[in-house]
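Please keep the sequence and the 3D view at hand while reading.

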Amino acid sequence: LTFSIADQANSNVAVEVANSVQAEQLARTGVSLGMTKMGTNSSLFSYSDENSSILNGTIVYSASQSGLPASQSQITSTGSFNGKTITITAICSYDRGRWRIVRMYVPPSA
């Protein structure tokens, strides 16, 4: 069975969107892993790259306090899947005995 040119183009777009969605979900998982690593430790504001492989994709996440107030940290997480890469940045604040996400930036999908 052969695809027409339009059908093949539609199929390619669907695959690209699916790969982007999967990469974003992996990046979100990296933010969760980063929050878990920080846990209830009020003095863990930064750490270097941590790597993980999940569902045939990869996640790299780290934390940094650079340029933020004393009670805040920034987690950067990158998810990659089938050639698509998404990076999410989350600002966290230590409050009432645990780290909480204050805001998160997710870039628009292309």
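## The sheet

Five strands form an open sheet in the order β1-β2-β3-β4-β5, and their pairing is antiparallel. β1 (47–54) and β5 (98–105) are the edge strands; each has a single partner strand, so one side of each is left without a neighbour in the sheet. On average, neighbouring strands of this sheet are turned by 25 degrees against each other, direction ignored. The model is predicted.

Strands of a sheet pair through backbone hydrogen bonds, in either a parallel or an antiparallel way.

## How the strands pair

Inside the sheet, β2 and β3 run antiparallel and are joined by seven bridges.

Strand β4 covers residues 84–95 and pairs with β5 in the antiparallel sense over seven bridges. In that pairing, A90 has M104 of β5 as its bridge partner.

## The helix and the order of elements

The chain has one helix and five strands. Along the sequence they follow the pattern α-β-β-β-β-β. Helix α1 takes up residues 5–38 and lies across β1, β2 (57–64), β3 (72–81), β4 and β5. The direction of helix α1 is at about 145 degrees to that of β3.

## Overall dimensions

How does the radius of gyration of the chain compare with that of a compact globule of 110 residues? The chain has 17 Å, whereas such a globule would have a value near 13 Å. The C-alpha trace spans about 60 × 25 × 20 Å along its principal axes.

Of the 110 residues of the chain, 28% count as buried. The chain exposes about 6,600 Å², and carbon and sulfur atoms supply 53% of this area. Among contacts in the chain with a separation of 6 or more, 45% come from residues 24 or more positions apart.

## Two residues: G30 and S62

G30 has its place in helix α1, and S62 lies in strand β2. The two residues are 32 positions apart in sequence, and their C-alpha atoms are 8.8 Å apart in space.

Is G30 buried or exposed? G30 has a relative accessible area of 0%, so it counts as buried. Apart from neighbours within four places in sequence, G30 is in contact with I59, Y61 and S77.

Why does S62 count as buried? Its relative accessibility is 18%, and buried means under 20%; S62 therefore counts as buried. Apart from neighbours within four places in sequence, S62 is in contact with Y47, S48, D49, Q74, I75 and T76.

In a regular strand, side chains alternate between the two faces of the sheet.

Key: Residues numbered from 1 in each chain as written. Predicted model: local features only at pLDDT ≥ 70, side-chain atom pairs only at ≥ 80, totals over all residues. Heavy atoms only, no water. Pairing = 2+ DSSP bridges. Helix = DSSP H or I, 4+ residues; strand = E, 2+ residues; numbered from the N terminus. Axes fitted to C-alpha atoms, helices over the stretch in contact; angles between N-to-C directions. Contact = heavy atoms within 4.5 Å. Rg over C-alpha atoms; globule rule 2.2 N^0.38 Å. Buried < 20%, exposed > 50% of the residue type's maximum accessible area, 1.4 Å probe, protein only. Areas by Shrake-Rupley, 256 points an atom, 1.4 Å probe, with all protein chains shown as cover.
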